[in-house]
Amino acid sequence: MEIKVNEVIGYTGEVLTERQKKTGILIHALQKIQEEYNYLPEDVLKKLSEKLAVPLSDIYSTASFYKQFYFTPRGKNIIKVCMGTACHVRGSAKVLRSLEEEFDMKEGETTPDLSMTLETVGCIGCCGLAPVATINENIVGEMDENKVNDIIEIIKTGKDSE
Ligand code: FES
């Protein structure tokens, strides 16, 4: 069944240009691709370019505008250490350093086996629990050596982080 954009989105669909409609569809498609692969693989973006008749350079230009899109493979587990002021004061740099040393990596990198990507973030709004880290969608507050070791075990054993 053919989807008629103007019928689906009403008046808005009538006033949008074809290019604006394609941009809206493009961002949605990029989100879906990233959900599937955890990043935006080049071969998939090439296929998307053909399918939408949008130049590949435009797709890269749009995707790189948004911080949420990644162009290199990311780990199965995404660890984010908060480096906001409260967390910094309460030792988040030590938490980050412990993880970097344990996995022989730097912030922003992914382990070669794709088990983990290590990142930093600004304040995530849980300052009362500082220092804070997240493992995927889960917030871990009052990070100490034991909790760092728990995270290390989750990554090394492939356990579920729930
Ligand atoms: S500074 Fe880390 S949660 Fe606010």
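At roughly what angle do the axes of helix H2 and helix H3 cross? I'll start there, with the reminder that this is a predicted model.

H2 covers residues 18-37 and H3 covers residues 42-52; their axes come within 11 Å and cross at roughly 150°. That angle is over 145, so H2 is roughly antiparallel to H3. The crossing of the pair is right-handed.

Which residues make this contact? From H2 there are Lys-22, Ile-25, Leu-26, Ala-29, Leu-30, Ile-33 and Tyr-37, and they meet Val-44, Leu-45, Leu-48 and Leu-52 of H3. By class, the contact of H2 with H3 has 10 nonpolar residues, one charged residue and no polar ones.

Now to the next helix. H4 runs over residues 56-65, and Ile-59, Thr-62 and Ala-63 in it are buried. These residues lie on the same side of H4, because they cover an arc of only 95° around the axis. As a general point, an α-helix has 3.6 residues a turn, so residues three or four places apart point the same way. On the other side of H4, Ser-57 and Phe-65 are exposed.

What covers the buried residues of H4? The cover includes H2 and H3.

Take H2 and H4 as a pair. Their axes come within 11 Å and cross at roughly 65°. H2 and H4 are therefore roughly perpendicular to each other. The crossing of H2 and H4 is right-handed. On the H2 side the contact is made by Arg-19, Leu-26, Ile-27 and Leu-30, and on the H4 side by Asp-58, Ile-59, Thr-62 and Ala-63. By class, that contact has five nonpolar residues, one polar and two charged.

Finally, the chain as a whole. It has seven helices and four strands. From the N terminus on, the order is α-α-α-α-β-α-α-β-β-β-α. Of the 162 residues in the chain, 36% are buried. Taking contacts between residues at least 6 apart in sequence, 55% join residues at least 24 apart.

Methods:
Residues numbered from 1 in each chain as written. Predicted model: local features only at pLDDT ≥ 70, side-chain atom pairs only at ≥ 80, totals over all residues. Heavy atoms only, no water. Axes fitted to C-alpha atoms, helices over the stretch in contact; angles between N-to-C directions. Helix = DSSP H or I, 4+ residues; strand = E, 2+ residues; numbered from the N terminus. Parallel < 35°, antiparallel > 145°, perpendicular 65-115°, else oblique. Left-handed = near helix turned anticlockwise from the far one by under 90°. Contact = heavy atoms within 4.5 Å. Nonpolar A, V, L, I, M, F, W, Y, C, P; charged D, E, K, R; others polar. Buried < 20%, exposed > 50% of the residue type's maximum accessible area, 1.4 Å probe, protein only. Arc of directions from axis to C-beta.
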